[in-house]
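Hi everyone, thanks for coming. Have a look at it first, and then we'll go through it together.

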Amino acid sequence: MSATANPQPLAAGRSPGLAGNPRIPGDKSISHRALIFGALAVGETTVQGLLEAGDVLNTAAVLRELGADITRDPDGTWRIHGVGVGGFAEPSNVLDHGNSGTGVRLMMGAIATSPVCATFTGDASLRRRPMGRVLEPLSRFGAETMGRKGGLLPLTLKGAANPLPVTYELPVPSAQVKSAVLLAGLNAPGRTTVIEPEATRDHTERMLRHFGATVSIADVGPQGRAISLDGQPMLTGREVVVPPDPSSAAFPLVAALLVPGSRLSLSRVMLNPTRAGLLAVLTRMGARISRSNERIESGETVADLEVTAGALRATTTEPEIAPSMIDEFPILAVAAAFAEGTTRMNGLAELRVKESDRLAAVAAGLGEIGITCRMGEDWLEVDGRGADGVPGGGRVTTHMDHRIAMSFLVAGLAARQAVTVDDTAFISTSFPTFIPMMEKLGAIFKRPNA
Ligand code: S3P
């Protein structure tokens, strides 16, 4: 059963070779942070290439509730006039983050050391996701929270009036938790330190520096990295250029590998090592991906990719690589279904607490399309059927999860029979142009009963 009142099912059918140079929308992680740091800075921040999708627009609306002035020029430039560190106003309404775990967790961090009280909520998917992982470290700064059992939304957070700086070791590899602690540390006097045993995406650290904060990063041996921030800096408005989102690029990229005869160009793909795990794994599987024109744009390494369809072979992914491709496992599982041999993915515990229980949703989806797989608490094994061997024909339940929907639509483009997903509505949270963009490349989609 679908979780939305008006589900939008869609079927993806076997397609001719995909071709073109699709425009991938801006990176979701960087877009949230550009708005938040702009709102905490003094003066004007301009943002080019912002992801104009549900999750990010909800963050913009929340920041407006907290007093930031955020506008969009007709040419797509976003302008933010911030309130300064510690300057958030108390919101007069509930803050609704829709489907976005990143939005709500980062914003809880951002207000945890300001003397305001705010109530946070989200959609049915977000209200099932654990917030305790940020509430616990935020309470160490002096923030108080009251919410449902298990730290579920809706919950009310009262920011600390006299915050203390904190040293916190991440118990889970999560950039959202790291970022919530660093954002809280911004308005605490003294030095806040986060120790991360495994490297997670580092956009917050990069952006803190870009806006003028002092951040030091030290290797602490087997404990990982210690990221320290000097509290109460003055952040100054800056220009931000958001690169395309590699997690969104992953869908047309894998589609081009799987649909025979495809050849696709992808421009400005971000190669930040904390985000590039999928490319490394696909290359190991024999994917034909060539890189050119590697360069630095707005502090991030980007390159142009040429992707050509071809046979893939199974692989094993180790837990250490998981944080650098945490959002890409659903589409990797689809690629594994079309590979020769059995692929095993390890270190997947965090997939259980994404927009859906992604491990269970992927395993169920693979079953629907005729693929044998086995899963444990934190691993998945997929028995690949080779380039032309995936039966397809099933109806996949997306559980309000954009990445489950896009992954199984991609599967349908190369499977023997069309694959239906029960609801495509949530694709707009991260990639509103996905369906028309894929159609332009040659993908065949059909609305059931249309
Ligand atoms: C994100 C961090 C990751 C990722 C999410 C975006 C971020 O979540 O899954 O899509 O922007 O910090 P976790 O921090 O929970 O791993």
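Let's begin with a definition: on a 1 Å grid over the protein atoms alone, a cavity is a set of points where a 1.4 Å probe fits but cannot get out, while a pocket is an open set with protein on both sides within 12 Å along at least five of seven lines. A residue counts as lining when it has an atom within 4 Å of a point. Grid points are joined across faces, edges and corners, and a volume is the space filled by probe spheres set on the points.

Two notes on the source. This is a predicted model, where local features need pLDDT of at least 70 and side-chain atom pairs count only at pLDDT 80 or more, while totals for chains, interfaces and linings use all residues. Residues are numbered from 1 along each chain as its sequence is written, and side-chain values use heavy atoms, with hydrogens and water left out.

Now, the cavities. How many cavities of 30 Å³ or more are there? The count is 3. The largest cavity has a volume of about 100 Å³. Among the residues lining the largest cavity are P246, L253, M270, R275 and E328. Helices and strands here are DSSP runs, numbered from the N terminus (helices are H or I, at least four residues; strands are E, at least two). With that in hand, α7 (246-258), β15 (263-270) and α8 (277-284) each give at least two residues to this lining, and α7 gives the most, with 4 residues.

For classes, Ala, Val, Leu, Ile, Met, Phe, Trp, Tyr, Cys and Pro count as nonpolar, Asp, Glu, Lys and Arg as charged, and the others, Gly among them, as polar. The lining of the largest cavity has 9 nonpolar, 1 polar and 2 charged residues.

While we're at β15, please find R268, which sits in that strand. The phi of R268 is near 55°, a positive value in a residue other than glycine.

The largest pocket holds about 530 Å³ of space. Of the 37 residues lining the largest pocket, P173, I326, D327, E350 and K354 are the closest to its centre. By class, the lining of the largest pocket divides into 9 nonpolar, 10 polar and 18 charged residues. Helices α1 (28-40), α3 (101-111) and α5 (175-185) each supply at least two residues of that lining, and the largest share, 4 residues, comes from α1.

Why does the largest pocket lie between domain 1 and domain 2? It lies there because domain 1 (10-24 + 243-446) and domain 2 (28-190) both give residues to its lining. Those domain bounds come from an automatic or database domain assignment.

Next, the ligand. A polar contact is a pair of N or O atoms within 3.5 Å. An oxygen atom of the ligand is 2.7 Å from a side-chain N or O atom of S174, and D327 also has a side-chain N or O atom 2.7 Å from a ligand oxygen. For K354, a polar side-chain atom lies 2.7 Å from an oxygen atom of the ligand. Taken alone, the ligand exposes 390 Å², and the protein buries 96% of that; these areas come from the Shrake-Rupley method with a 1.4 Å probe.

Terms used:
Polar contact = N/O pair within 3.5 Å; in protein donor to acceptor, adjacent residues only side chain to side chain.
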